[in-house]
Amino acid sequence: MAHRWKNDLTSEDVTPEKYWLTRRQIITGATSLGLGAIAGSAFASDLELNSWEDITNYNNFYEFGTDKGDPARYAGELVTSPWSIEIGGLVERPGVYDFQDIMSQMTVEERIYRFRCVEAWSMVIPWNGFELADLLNLAGVQDSAEYVAFETLYRPEQMRGQRFPTIEWPYVEGLRLDEAMHPLTLMATGLYDKPMPNQNGAPIRLVVPWKYGFKSIKSITKISLTTEQPPTSWNKNQPREYGFYSNVNPNVDHPRWSQATERKVGQGLFARRKPTLMFNGYEEEVAHLYEGMDLTQYF
Ligand SMILES: Nc1nc2c(c(=O)[nH]1)N[C@H]1C(S)=C(S)[C@@H](COP(=O)(O)O)O[C@H]1N2
Ligand SMILES: [Mo]
C-alpha cells in the first residue's frame with residue numbers, strides 16, 4: 001500500500017466507500033448510505049462534527065485519572081515516541097512492529113464516525129487512520145485464530161492513574177476476528193488531520209463505531225491473535241454491567257441506566273436527547289455479524 005501523508009488527502013480520498021459518513025456528505029446532508037438511518041431522521045446538528053475542544057477535553061482514559069477532564073490535564077506526561085506494538089499469538093510474522101514503520105506501509109485516510117459512550121453521551125469525530133484488517137494482514141493471521149486481544153501501555157511513571165488500582169492494569173480489550181476484520185474497524189492515528197492527541201490515545205488506538213466507547217482501547221502496545229475469547233477490562237471489573245460484545249443497543253439497558261437515548265456533547269445540557277440507534281446507526285453494515293445471537297445474553 002502506498003503511503004500518503006495526511007495533508008495530501010483530497011475530498012476524493014475521503015469519500016470512496018459506502019461505510020462511513022464523509023465530510024462532504026455531512027456538509028451537503030446527502031447521507032443516503034452508511035449512516036442513512038441517522039440522516040433520514042436527523043437534523044443537521046446530529047451530523048455536525050464535534051469541536052476539537054469537545055473531543056479533546058471530555059473523555060475517559062483511566063490511565064490518567066477517572067475524571068473526564070483528567071486525560072486532557074495529565075496525558076501530556078506520556079512520551080509516545082518511539083512507540084512499538086508487539087503482535088503475537090496466532091500470526092505468521094510475530095514481532096515488535098515500530099509505529100513509524102507501520103505508518104509507512106499504511107494509507108491514512110479520514111473517516112467521520114459517530115461515537116457513543118456507554119454513559120449515553122455521543123460525539124461525531126473525524127478520525128484519521130487505517131483499517132485494523134490492514135495491520136493484521138501485515139502480521140498474517142493464521143487460520144486457527146478466532147479473536148484479537150489488545151493491551152494498552154503500562155507505564156505508571158507517566159500514566160499517573162496507573163499508580164492506583166482503579167481497574168486492573170494494563171487496560172485490555174478484545175474483538176472477535178470477524179469484528180476486527182470488518183472495514184469499519186479502524187486503527188486511529190489522528191483526528192482533524194492532526195496527530196492523535198495524547199488524551200485520545202496517542203499514538204494509535206482502536207475505533208469500533210458500532211460499539212460503546214470503552215471497546216475503543218487507547219495507546220495500544222500489544223495485539224495478540226487467540227482461539228479463546230480475550231478478557232476485557234470493564235467486563236473483569238463489572239461483569240454484570242459490561243459484556244464482551246458491548247454493541248450499542250437501545251433495547252438492552254445498562255443495569256444502572258437506560259441506553260435508549262443519548263445526549264450529543266457540545267449542544268448544552270438541556271438539548272433534546274435523541275433516541276439511540278441500533279449498532280449506533282451502523283446496523284446495515286454490521287447486523288449480519290450477530291445473526292442468530294441473543295443480544296440480551298451476548299451484550
Ligand atoms: N486504555 C484505555 N482506553 C480507553 C479507556 C481507558 O480508560 N483506557 N476509556 C474508554 C472509554 S470508557 C471511552 S468512552 C473512550 C473515550 O475516549 P475518546 O473520546 O477519545 O474515544 O476511550 C476508551 N478507551
Ligand atoms: Mo465510556
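**View 1. Residues around ligand 1.** Of the 16 residues around ligand 1, those that come nearest are Tyr-62, Glu-63, Thr-152, Arg-205 and Lys-218, where a residue counts as near a molecule if one of its heavy atoms lies within 4 Å of it. This shell divides into seven nonpolar, six polar and three charged residues; Ala, Val, Leu, Ile, Met, Phe, Trp, Tyr, Cys and Pro count as nonpolar, Asp, Glu, Lys and Arg as charged, and the others, Gly among them, as polar. This is a predicted model, in which local features need pLDDT of at least 70 and side-chain atom pairs count only at pLDDT 80 or more, whereas totals for chains, interfaces and linings use all residues. Residues are numbered from 1 along each chain as its sequence is written, chains are lettered from A and ligands numbered from 1 in the order in which they are written, and side-chain values use heavy atoms, with hydrogens and water left out.

View 2. A backbone N or O atom of Tyr-62 lies 2.7 Å from an oxygen atom of ligand 1, a polar contact being a pair of N or O atoms within 3.5 Å. From the side chains, an N or O atom of Asn-200 is 2.9 Å from an oxygen atom of the ligand, and a polar atom of Asn-59 lies 3.3 Å from an oxygen atom of ligand 1. Of the 530 Å² of accessible area that ligand 1 has on its own, the protein covers 99% (Shrake-Rupley method with a 1.4 Å probe).

**View 3. The largest pocket.** Ligand 1 takes the space of the largest pocket, as more than half of its atoms lie within 2 Å of the grid points. On a 1 Å grid over the protein atoms alone, a pocket is an open set of points with protein on both sides within 12 Å along at least five of seven lines, and lining residues have an atom within 4 Å of a point. The pocket has a volume of about 510 Å³, and among its 32 lining residues Asn-60, Tyr-171, Gly-213, Phe-214 and Trp-234 lie nearest its centre. By class, this lining has 18 nonpolar, nine polar and five charged residues.

**View 4. The largest cavity.** The structure holds one cavity of 30 Å³ or more, a cavity being a set of grid points where a 1.4 Å probe fits but cannot get out. The largest cavity holds about 30 Å³ of space, and its lining includes Arg-114, Phe-115, Lys-211 and Ser-216.

Note on methods
Points joined across faces, edges and corners; volume = space filled by probe spheres on them. Polar contact = N/O pair within 3.5 Å; in protein donor to acceptor, adjacent residues only side chain to side chain.
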